[in-house]
Amino acid sequence: MAKRAAPEVNAGSMADIAFLLLIFFLVTTTIEVDSGITSKLPPEQTDVTPPEVKKKNVFQVIVNSDNQLLVQEDVMDIKDLSLAAQDFLDNGGGTEPGNACSYCQGDRDPLSSDNPKKAVISLFNDRLATYDMYATVMNELVKAYNVLRDREAQSRYGEAYTSMVRRVADWPKEEREQPEYFELQDKIAKIADLYPRNLSEGEPVKN
Amino acid sequence: MSKFSKKKGGEVPAISTASLPDIVFMLLFFFMVATVMREDELSVENTLPLANQIEKLEDKNMLVYIYIGQPTAAYQKQFGENAVIQLGDKISPADRVFDYVNTKRNAMAENIQNQMMVSLKVDGEATVGVLTDVKEQLRRANALKVNYTARKGDPMMNLNR
């Protein structure tokens, strides 16, 4: 007697199970955004009076309620902000030995900042400005710092600053006791020290 | 009768559906791998802006999320149309941020408490005033590590929306 061929398994119900699982995952999960611009807020001011800052060492950026940008008391287009901030930070106009900047490549204008360690960018946003504008302005200012840091890191260590930061973040957790990791962190700290992120938010500095 | 039996008249064979679940499983695996279980139900609008000076966020267990935006349509009757703050899964006023952040920080393990980062997920159209209030509260609570969460992209596109 010939063997009966085994009946074929009906694949229709497999598809139903798969659809159910798919719909469950579609409904309960999201594609999470896990990146952003990091920043460190200043600690709450107790009774310490802020140190005296010369007007030329302050780069004033104001955003008004109509999302218009005012830089150093002049209207500016957002596209020009990053370059203007870079020029300010990299100026190195200081001439005294404690004040001069040996690594700056800017114009050395005596009316602009003395050196990057003293240069302060003051950002003030009107309460009615939109967050879109705020994020774009922050991005452009952070970009100015990052471009300068990248340049210095490239010339001193042959690797861009942002690339070093990314490597530190991606370093596998079990291997964080290695000397290379500490070396990398060290380099990052040194470069960050050359162009410290003195970004002050709050009332516009009037002096 | 003869060895050559007449074939049945031209019926097209039925389409095999054996590969249909394969297609669906591929979609399923994509979603399982690329997505995360949703943490909080959003009751505010939250279209994040674009930025290119971004860093990847740390481990999720060091993060505290604060959402700011206009309430969604279902909540607008109750909370109005201006930007509000969502802490956890409910909309709260700004003065609750201090307690919320401290509670979350104490719930973390001792050794990572000082590495806590606050991820600020703010809608692009929200006004900055609310954000400033939240930052004041964060400074009071000494939660100084902050991340303005944004999607990777050209920031100039933010202003054309």
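Biologist: What should I know about numbering and the kind of model?

Modeller: Residues are numbered from 1 along each chain as its sequence is written, and chains are lettered from A and ligands numbered from 1 in the order in which they are written. The model is predicted, so local features need pLDDT of at least 70 and side-chain atom pairs count only at pLDDT 80 or more, while totals for chains, interfaces and linings use all residues; side-chain values use heavy atoms, with hydrogens and water left out.

Biologist: How many residues of chain A are in contact with chain B?

Modeller: Contact means heavy atoms within 4.5 Å. On that basis 52 residues of chain A touch 58 residues of chain B. Buried area is the accessible area (1.4 Å probe) that two parts lose on being put together, summed over both. For chain A and chain B this is about 5,100 Å², with 63% of it on carbon and sulfur atoms. Leu41(A), Tyr131(A) and Asp132(A) supply 15% of the area that chain A buries against chain B, more than any other three residues.

Biologist: How many residue pairs are in polar contact between chain A and chain B?

Modeller: A polar contact is a pair of N or O atoms within 3.5 Å; within protein, one must be able to donate a hydrogen and the other to accept it, and residues adjacent in sequence count only if both atoms are side-chain atoms. There are 25 such residue pairs between chain A and chain B, both residues at pLDDT 80 or more. Helices (H or I, at least four residues) and strands (E, at least two) are DSSP runs, numbered from the N terminus. On the side of chain A that touches chain B, the elements giving two or more residues are helix 1 (12-28), strand 1 (29-30), strand 2 (35-40) and helix 3 (131-157). Helix 3 of chain A gives the largest share of that side, 12 residues.

Biologist: Is Lys135(B) buried or exposed?

Modeller: Buried means under 20% relative accessible area, exposed over 50%, and partly exposed in between (1.4 Å probe, protein chains only). Lys135(B) is buried at 8%, whereas Glu201(A) is partly exposed at 30%.

Biologist: Which parts of chain A does the salt bridge of Asp114(A) and Lys54(A) tie together?

Modeller: The two side chains meet at 3.4 Å, N to O. Asp114(A) lies in the loop between helix 2 (81-89) and strand 6 (120-125), and Lys54(A) in the loop between strand 2 and strand 3 (58-63), so the pair ties together parts that are 60 residues apart in sequence. Asp114(A) is buried at 1% relative accessibility, and Lys54(A) is partly exposed at 46%.

Biologist: Why is the pair of Phe25(B) and Phe29(B) called stacked?

Modeller: A pair of aromatic rings is described by the distance of the centres and the angle of the planes. Rings of Phe, Tyr and Trp (its six-membered ring) pair if their centres lie within 6.5 Å; planes under 30 degrees apart count as stacked, over 60 as edge-to-face and the rest as tilted. This rule gives 11 aromatic pairs over all chains. The rings of Phe25(B) and Phe29(B) have centres 6.2 Å apart and planes at 20°, so the pair is stacked. Both residues lie in helix 1 (residues 20-34) of chain B, four residues apart, about one turn of the helix. Elsewhere, Tyr131(A), Tyr134(A) and Tyr148(B) form one aromatic cluster.

Biologist: What is the phi of Asn67(A)?

Modeller: Most residues other than glycine have a negative phi. Asn67(A) has a positive value, near 60°, and is found in the loop between strand 3 and strand 4 (69-71) of chain A. Arg108(A) also has a positive phi, about 60°, although it is not a glycine. Arg108(A) lies in the loop between helix 2 and strand 6 of chain A.

Technical notes: A salt bridge is a side-chain nitrogen of Lys or Arg within 4 Å of a carboxyl oxygen of Asp or Glu.
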